[in-house]
2 protein chains.
Amino acid sequence: MLYFRYGFPSDGQLEPALMTFQPTPASIPPRDNRLTLRQPSGLPPNIQPLNPLQFILRAAEIYPNQVALVHTDSPAWYTYSVWCQRVQNLAYALLQAGVKPGDRVAVIAPNSPMTADAHHGVLAVQAVLCLINTRLKPSDVAYILEHSGSSIILVDHEYTHLLPSNLKVPVIVNNDTGKQGDPYEDFLTVGRKFSKERGWPDLEYNADENAAAVLCYTSGTTGRPKGVITTLRGSYLAAVANAYESNIRRDSTYLWILPMFHAGGWTFPWACVFAMGKQITMRTVDYPTIWKHFLNSSVTHYCGAPTVQVVYTIHYGQRLTSIQIGIVNDPAARLLKQKISAIIAGAAPTANLIGSLESIGITPIHVYGLTKSQYGPFTRNYPQDSWAKLSIEERSKFMARQGHSFATAQDVRVVYPPKDGSDQLVDVPRDGKAIGEIVTRGNIVMKEYFRDPEATAKAFRGGSFNSGDLAVMFEDGSIAIVDRQKDIIISGGENASSLAIEQELASHPDVLEVSVVARPHAKWGERPHAFVILKPHASKWKGKHDAFVSDLKEHAKHRLPGFARPEWITVVEELPKTSTGKIVKVELRKIIAKL
Amino acid sequence: MLYFRYGFPSDGQLEPALMTFQPTPASIPPRDNRLTLRQPSGLPPNIQPLNPLQFILRAAEIYPNQVALVHTDSPAWYTYSVWCQRVQNLAYALLQAGVKPGDRVAVIAPNSPMTADAHHGVLAVQAVLCLINTRLKPSDVAYILEHSGSSIILVDHEYTHLLPSNLKVPVIVNNDTGKQGDPYEDFLTVGRKFSKERGWPDLEYNADENAAAVLCYTSGTTGRPKGVITTLRGSYLAAVANAYESNIRRDSTYLWILPMFHAGGWTFPWACVFAMGKQITMRTVDYPTIWKHFLNSSVTHYCGAPTVQVVYTIHYGQRLTSIQIGIVNDPAARLLKQKISAIIAGAAPTANLIGSLESIGITPIHVYGLTKSQYGPFTRNYPQDSWAKLSIEERSKFMARQGHSFATAQDVRVVYPPKDGSDQLVDVPRDGKAIGEIVTRGNIVMKEYFRDPEATAKAFRGGSFNSGDLAVMFEDGSIAIVDRQKDIIISGGENASSLAIEQELASHPDVLEVSVVARPHAKWGERPHAFVILKPHASKWKGKHDAFVSDLKEHAKHRLPGFARPEWITVVEELPKTSTGKIVKVELRKIIAKL
């Protein structure tokens with residue numbers, strides 16, 4: 001029962017099946033297990049190429065019997081010692097399947113032990129982990145498999161329908177049972193046999209820390225997805241930074257709400273192992289399960305977009321299931337015994353959300369990063385002492401800022417568009433007003449777009465990554481996003497931020513979600529058009545569309561300058577979203593074009 | 001008063017002069033302070049050479065008004081914003097004095113703001129920080145200045161007598177007042193003027209992360225000191241690891257007991273800044289001052305050798321002052337309101353020490369590293385859950401082990417001496433018995449001995465750093481030092497660890513300190529000879545030398561095998577120690593040779 005000491009109930013009240021779970025025989029490490037890979041030759045003794053694979057070996061050496069990974073679906077759980085052996089088995093299984101250094105290994109799966117294994121096992125054969133979003137269309141999956149040139153595919157049984165029929169590479173299906181007979185488990189067993197107990201020392205660390213670690217494709221709303229390449233060095237440094245900034249430690253329990261395929265889970269699959277803490281994966285992100293873990297599994301950390309907190313739309317393959325109940329609105333929500341840190345990115349948390357989270361013991365950590373260029377957080381909103389005396393509304397305005405450069409990140413600048421023919425970037429003044437583009441550089445910026453030198457060159461024009469996010473910089477050096485470059489609304493010659501309008505409209509007591517786009521206007525050029533989802537309890541507006549529109553316009557009048565007030569408001573049941581939960585404004589523009 | 005929010009009393013009960021302290025005008029940053037250095041050209045945007053200089057710029061950007069550095073002697077204190085400007089001033093002052101990239105800048109000073117400044121300012125001009133032990137003899141200092149080829153010397157007013165008279169390089173004296181008119185302060189002011197407010201952006205980061213950062217000389221008991229070169233990359237990674245492992249955070253207060261010149265303060269001068277926490281420096285390490293800070297300054301962390309905890313011998317220049325009262329034995333010692341983490345290295349903490357520390361709220365973190373090869377901690381004793389049910393005596397035996405590889409460290413092996421002509425290292429079995437030498441490699445192992453390729457090659461024979469420490473490895477992969485290679489006592493063909501004998505003799509209630517060396521013996525080859533200092537309260541043995549010897553031998557009889565029991569015991573008033581507080585066994589052997 002010692003295994004459960006860290007954050008997992010030993011009284012068996014949760015998932016009694018966990019108590020009797022036994023890992024497969026192939027998962028049990030040999031007695032004289034050497035937890036070290038061969039060092040690449042020719043390097044001086046004071047240089048070890050940075051590689052996040054080191055973390056799991058170290059954890060298995062220091063805390064072999066500590067619970068590392070818990071999956072309540074199968075159910076299954078693994079100590080660091082056992083998990084590390086499974087990772088080794090995966091490495092040898094990949095070798096046996098012919099995977100060579102630099103090859104891409106595709107994973108199409110929900111958060112589950114296989115996805116977690118792959119973060120380490122793929123690196124152990126110096127291959128590249130290609131994480132594929134399970135919410136994509138089969139045609140997109142086919143494109144990614146083709147473009148990445150993946151030489152083997154690890155796929156969860158629920159997502160085999162996403163695979164093209166004419167595949168020429170091996171496919172390993174995971175039934176996610178953790179039991180012998182499961183094809184994935186058998187694959188690991190084959191790996192163990194193939195290894196002939198040569199163990200870790202017969203594998204070698206990648207000699208090049210700037211080699212690719214992960215390949216994740218963007219889920220752009222226009223054009224083909226681009227393949228973002230991150231490196232071993234960047235992954236190592238980002239993971240260490242995340243462990244430090246989020247204060248994940250050995251006694252921490254990280255709950256996987258963020259999909260691991262979303263920018264490689266922001267490097268948290270490694271950060272948690274660096275910390276030698278515990279991870280809990282769940283196939284399905286639903287609020288009752290989240291709350292079960294919050295209340296029973298001593299969860300201390302999770303990552304998620306603000307939409308996860310408030311309202312989360314999950315796409316299962318092509319089927320779209322909306323779970324319109326947020327963490328804070330779930331019936332199970334209550335004041336927590338333990339403190340939880342919620343690492344929030346994707347959009348700024350609102351005053352309402354901050355207040356709700358804090359009231360139940362969840363501390364929001366607001367970070368900012370781009371799936372399409374970074375490893376996860378690149379900036380963080382660093383709380384200031386002076387905020388303590390502010391009202392939550394005032395404080396939330398500061399907390400909504402994207403803040404300053406993250407630990408181990410580097411330059412975050414807001415710059416004017418470069419003049420024609422010039423590569424010189426000019427910073428905007430620190431006045432909180434002048435709008436420029438966020439550009440970044442440093443060790444936790446992506447290396448390149450895979451097999452796309454043109455897109456890479458364009459993205460790094462001027463020597464920094466061009467984020468496409470428009471922002472202002474305040475006197476204290478903190479940044480705040482104003483809008484996506486393409487979403488700004490130019491009304492009467494003024495720049496109206498769709499984000500700012502959305503934020504103000506969202507403060508209306510009956511608005512659950514809102515998205516604002518530009519609509520052509522004869523006189524002003526463009527004017528804002530707002531699409532609104534009402535809160536479930538807002539039944540008083542039922543059949544009173546015009547009355548609600550008047551009410552919301554009145555609400556906007558006190559909060560927005562004339563040029564930024566929505567000219568049109570449409571109440572909708574649902575907003576079009578990408579597979580990662582972002583609203584697809586291009587779809588809203590299409591609706592407008594038809595009006 | 002906000003400045004004092006983090007861990008410093010705002011009620012003025014401590015050092016009222018601090019409240020009225022004003023930094024020099026040159027220390028005040030300009031309004032439009034840009035906190036970024038020029039990026040070396042030719043690097044891809046996703047590669048930033050690791051450099052611990054980044055930390056202070058980031059801290060000054062995010063928490064400009066937070067107290068960063070407090071010096072209660074002058075007294076003086078600086079916020080991150082002001083401190084960062086002073087560091088910039090130092091950089092320009094060094095440039096103005098002709099310092100070029102790669103030059104060595106010598107610092108001879110106690111823990112004080114100048115030493116802290118130099119850790120950042122010297123890197124800002126891509127020079128190498130040469131920290132010189134203030135406890136050395138003038139002849140050793142002269143040798144180091146000559147050997148390092150230091151091109152400028154920053155010296156504390158109390159240590160100018162250590163300087164040779166025929167110096168041909170500029171010397172800047174620090175009177176450590178923090179006030180205008182102080183030569184060091186005037187040097188900074190000159191730097192500010194020389195900068196013409198070009199600020200940080202006119203300085204450039206070192207393009208080579210493997211360039212030298214710090215040069216510290218060994219204080220070997222035999223031969224000339226050797227210059228240990230550490231790199232920017234190693235310093236960055238070691239500092240981040242120390243912040244993480246010690247859990248130093250923004251609300252932490254680190255008290256400088258360990259001298260910064262001791263292996264560069266184990267990279268804590270940077271670790272505290274990475275954490276954006278607060279550092280307190282004091283010129284003199286005495287127990288009343290330590291306790292004043294423990295009780296009044298919300299100290300949360302300090303580093304020190306175990307001798308600091310129990311008994312500490314401080315050499316002022318040539319004058320040797322023994323302060324025979326340890327932290328735990330100080331009259332002011334009492335249960336602390338806050339928790340303090342004590343990072344202990346140099347020798348294993350005893351059961352007695354662990355118990356005493358824990359009883360007043362100090363948690364010992366036992367680490368191991370070598371001044372002569374590493375950046376500070378390279379291994380750590382990681383507490384295991386199973387120890388919770390052990391008695392303190394049993395637990396302390398586990399806690400005395402040097403443990404496992406530190407975060408960001410890498411290989412720690414215990415190997416047999418290589419066979420003649422072979423470079424192949426063979427690991428000892430993990431049986432807790434077989435004795436081998438500790439060898440290390442990885443990013444936080446030193447780069448080389450400065451201008452000594454022969455000593456470097458010898459140290460790295462076999463491709464790892466040869467520590468000269470003999471150890472065993474247990475089944476769980478943890479290591480425990482048995483002895484220094486040269487201190488082992490071969491008695492009747494058995495290897496007797498002088499350390500193990502010392503540990504057992506130290507458990508006698510009247511023994512304060514003990515050192516054991518080999519003495520030739522006609523029958524057994526060698527036998528142990530113990531030199532003992534009695535505790536101040538052990539007056540009952542006054543004039544009863546032989547009775548005490550019998551008592552201690554009786555004590556040893558129950559604890560040590562025959563071959564390891566001391567044949568001879570001598571009670572002394574004082575033990576010969578190096579400038580870093582280590583007992584010089586070679587001096588004891590000289591005494592024996594004369595017997």
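This is a predicted model: local features need pLDDT of at least 70, side-chain atom pairs count only at pLDDT 80 or more; totals for chains, interfaces and linings use all residues.

Student: Which other strand does strand 18 of chain A join, and over how many bridges?

Tutor: Strand 18 (residues 412–416) is also joined to strand 20 (residues 436–440) of chain A, by 4 bridges and again running antiparallel. There, Arg413(A) stands opposite Val439(A) in strand 20. In general, strands of a sheet pair through backbone hydrogen bonds, in the parallel or the antiparallel sense.

Student: Why is the 9-strand sheet of chain A called mixed and open? And how do you know which strands are its edges?

Tutor: The order is 2-1-10-9-11-14-15-16-17 in chain A, and the pairing is mixed. One parallel example is strand 9 (residues 253–255) with strand 10 (residues 278–281) of chain A, over 3 bridges. Leu255(A) stands opposite Ile280(A) in that strand 10. As for the edges, strand 2 (76–79) and strand 17 (404–405) of chain A each pair on one side only.

Student: What order do the strands take in the 7-strand sheet of chain B?

Tutor: That open sheet runs 6-5-3-4-7-8-21 in chain B, with mixed pairing. Its edge strands are strand 6 (171–174) and strand 21 (448–449) of chain B, each pairing on one side only. Strand 8 (residues 227–231) and strand 21 of chain B pair in the antiparallel sense over 2 bridges, and Ile229(B) has Glu448(B) as its bridge partner in strand 21.

Student: Now the two chains together. How do you know what kind of axis relates chain B to chain A?

Tutor: Chain B can be laid on chain A with an RMSD of 0.1 Å by a turn of 180° and a shift of 0.0 Å along the axis. That is why the relation is that of a two-fold axis. The same surface serves both copies, with 100% of the contact residues of chain B recurring in chain A.

Student: Which residue of chain B comes closest to that axis?

Tutor: Tyr244(B), whose C-alpha is at 3.1 Å from the rotation axis.

Student: And what gives the interface its size?

Tutor: Interface size is often given as the accessible area lost when the parts come together. Here, about 5000 Å² is buried between chain B and chain A, with carbon and sulfur atoms giving 45%. Tyr244(B) turns up again: with Pro45(B) and Asn46(B), Tyr244(B) supplies 15% of the area that chain B buries against chain A, more than any other three residues.

Student: What makes the meeting of Glu61(B) and Arg430(A) a salt bridge?

Tutor: The cut-off is 4 Å from a side-chain nitrogen of Lys or Arg to a carboxyl oxygen of Asp or Glu. The side chains of Glu61(B) and Arg430(A) meet at 3.1 Å, N to O, so they qualify. The count between chain B and chain A is 10 salt bridges.

Student: Which element gives the largest share of the side of chain B that touches chain A?

Tutor: Helix 7 of chain B, with 7 residues.

Student: Back inside chain A, how do you know that His521(A) makes a polar contact with Trp524(A)?

Tutor: The side chain of His521(A) reaches the backbone nitrogen of Trp524(A) at 3.1 Å. The limit is 3.5 Å, so that distance falls within it. His521(A) lies in strand 26 (residues 511–521) of chain A, and it touches residues including Glu567(A) and Trp568(A).

Technical notes. Residues are numbered from 1 along each chain as its sequence is written. Chains are lettered from A and ligands numbered from 1 in the order in which they are written. Side-chain values use heavy atoms; hydrogens and water are left out. Buried area is the accessible area (1.4 Å probe) that two parts lose on being put together, summed over both. A polar contact is a pair of N or O atoms within 3.5 Å; within protein, one must be able to donate a hydrogen and the other to accept it, and residues adjacent in sequence count only if both atoms are side-chain atoms. Contact means heavy atoms within 4.5 Å. Copies are superposed by least squares on the C-alpha atoms of residues with pLDDT of at least 70 in both. Two strands pair if DSSP finds at least two bridges between them. Lists of a residue's contacts leave out its neighbours within four places in sequence.
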